[in-house]
Each structure stands twice: as C-alpha cells, then as structure tokens.
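Student: I'd like to go through this structure with you, one question at a time. Shall we start with the side chains?

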Amino acid sequence: MSDLRMRGMRDVSGMGANGLTPLATLAPLTPNARAPHDPRATHASSRPAAPAEPSTNAPRIIGAYGGYRKTLPFGYVCLVYHATTLFCRRNYDYRNDALGKTVGQMVGAARSARQNIVEGSSRAGTSKETELRLYDVAKGSLEELAGDYEAFLIDSGVSPWPDDDPCRSSLVSLVLDSYEGGYSRHDFGEYILAMRRRFAPFLESEDPIVAANAILVVIDRACGLLHRQMQSIGESFKEEGGFTERLSRARLAARDAKDAAQGAPTCPDCGGPMHKMIARKGRNAGKPFWSCCDYPHCQGTRPWRGDRG
C-alpha cells in the first residue's frame, strides 16, 4: 500500500502546524462549532451612499446587483479557492510539475470560479443574460477543478470517498454561515477566515488524500447551489423581465407623464391615461390620435383635436 494511501486512512483530527498558512497556528474549531458573533458584521455598509432618489413612482431602471458576498455559493467557492492554493503549494513542485502547468490550471480554475461570480453579480443590474452566462462559466470552472482532484486521487492509488465514508459524513455535517455584514472588505475577510478555520481540518488537512476528497465534496455542494441560484434568476427574469424591458417601461412612463401634464384625455374604455400616437397604416396613416397607455390590453382610442386632445 502506498504511503499516500496510508496517510489517507489516518484520523483527520490529528493534524499539526505546518507554517504554510497563517491558519496553521490557530486551533481548528470542532466540527459542529459555530463562528463567534462579530459585532462588526452588523455595521452599515462602507460603500459610499448613492444620491437620494426623488420620491416618484418612476420604474427602476438599474436592477439589484453586487450582493454576491451574501450568497452561499460564493462562500463555498472562496473556501475552495483558498484550499486549492494551499493544496498546490504543498503537493506540487518542480519534481512532479516541472512546468507549473498543473498548478496554473488548478489555481486558475479556482480563481475563475470565484471571479466570475463576482463579475456576474456586478453585471446583474443591467444584464441578466450576462449574469447567468458568467455563473455558468464559474460552475464549469469548478467542474474542471474537480477533474484535477479526481485525477490526483487516482494517481495516488485511491478512489474518491464513497457516500458513506465517515470522513465525508463529518464534513457534510458542517454548515457554512451566511454572511450578514455589509460591503466592508474587512468584515468579509474576517468572515472567510472564520469559515476557513471551521473547515480547515478537512479542506486544509496536511494529508493530501483527505484534502483532495474534502475539496471535491465542497465543489459538489457549490455547483449544486450555483445551479439552484441560476434557476431562481431565470424564474425571476420570466416574471419581472430584464434591463431592456425596464428601459422601455421607464421611457413609456416618462412619456405618459409628459402627455398627462399637457392635458391628455382619459381612456373612454378603462379610464386610464392616454398618449399621442401616429397611425402607421390605413386611411389615417401618418395622422395623430390618442391611444390608451395600457395598449394592447386596452384598445381605447380618441381622435386627435390639436393641443387640447
């Protein structure tokens, strides 16, 4: 039996300091421990406040964006990224990765997953399509990274943990806290460090077999959560529409308000506001008329009689 296989069968609770990461000098939390409450997590966002908007009923044009820190997929992906950089430093060198390609690909895939979530969330305000595409790229990067860990285990003469493996069961029982802080980079950094300590006995184990298996489990969890998040975004898009539709609604609302201020009549059918339109065809082609703002749901029209309607 290979040395790596023997090491993979050790109890993960017996790890020592290694000097490769600041976390190695900190006592890991027990498997079911919760992160201590940090009062700084409740502080207001440090992002400069946007100018106050006028109190009107005008539709919002730019949608919500940038809330990736509060999502569980991003939290898990951060853990995968930091665990991967440590794993590569410990287990690859010039002897088994002379050109650095394996390390570059693994760290690059982990980084791609993290940064595409950041970019996708940042683009959410103006393009749901772009947001979904970037999340899909992030998910694909995680799947690519999982392939590297599977290959590492097989090269080491072992297979990934079965579903009933005791170590896997212990890892699955761990819970990632939701980030409740604001925009503060410091507060989010403290949160990630606390979560790293919680998962360190597995994800940052000095035993490469344990670490590779644990990272695979967390990758699967992150992919599942990302898939659910993408489905939710798609359903929201069907209900609410996207940026182009919001632009159109805002333009129509502004036009309707202008027409109303100029004395536009009310719809004879539904009593709603009307706006000026130009007939495109028929005997009145090119002539103005009043059309209900709720067209095509309401077909109400009035003849145009100059400025007074």
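Predicted model: local features only at pLDDT ≥ 70, side-chain atom pairs only at ≥ 80, totals over all residues.

Student: Which kind of pair do the rings of F87 and F152 form?
Tutor: The two ring centres are 5.0 Å apart, and the planes meet at 80°. Planes over 60 degrees apart count as edge-to-face. The pair of F87 and F152 is therefore edge-to-face.

Student: How many residues apart in sequence are the parts that this pair of F87 and F152 ties together?
Tutor: F87 belongs to helix α2 (residues 72-91), while F152 belongs to helix α4 (residues 128-155). Both F87 and F152 are buried. The pair ties together parts whose separation in sequence is 65 residues.

Student: And which kind of pair do Y179 and F188 make?
Tutor: Y179 is buried, at a relative accessible area of 4%, and F188 is buried too, at 6%. Their ring centres lie 5.2 Å apart with the planes at 85°, so this pair is edge-to-face.

Student: Which residue has its charged end over the ring of F188?
Tutor: F188 is part of one aromatic cluster, together with Y68, F74, Y179 and Y191. A charged end sits over the F188 ring, 5.6 Å from the ring centre, and the residue it belongs to is R69.

Student: How many disulfides does the structure hold?
Tutor: A disulfide needs two cysteine sulfur atoms within 2.5 Å. For C293, which is partly exposed with a relative accessible area of 22%, the closest cysteine sulfur is in C292 at 6.2 Å, too far for a bond. C298 is in no disulfide either, with the sulfur of C267 at 3.6 Å. The number of disulfides in the structure is 0.

Student: Is C298 buried or exposed?
Tutor: Buried means under 20% relative accessible area. C298 has a value of 9%, so this cysteine is buried.

Terms used:
Residues numbered from 1 in each chain as written. Heavy atoms only, no water. Phe/Tyr/Trp six-rings, centres within 6.5 Å; stacked < 30°, edge-to-face > 60°. Helix = DSSP H or I, 4+ residues; strand = E, 2+ residues; numbered from the N terminus. Buried < 20%, exposed > 50% of the residue type's maximum accessible area, 1.4 Å probe, protein only. Lys NZ or Arg CZ within 6 Å of the ring centre and 35° of its normal.
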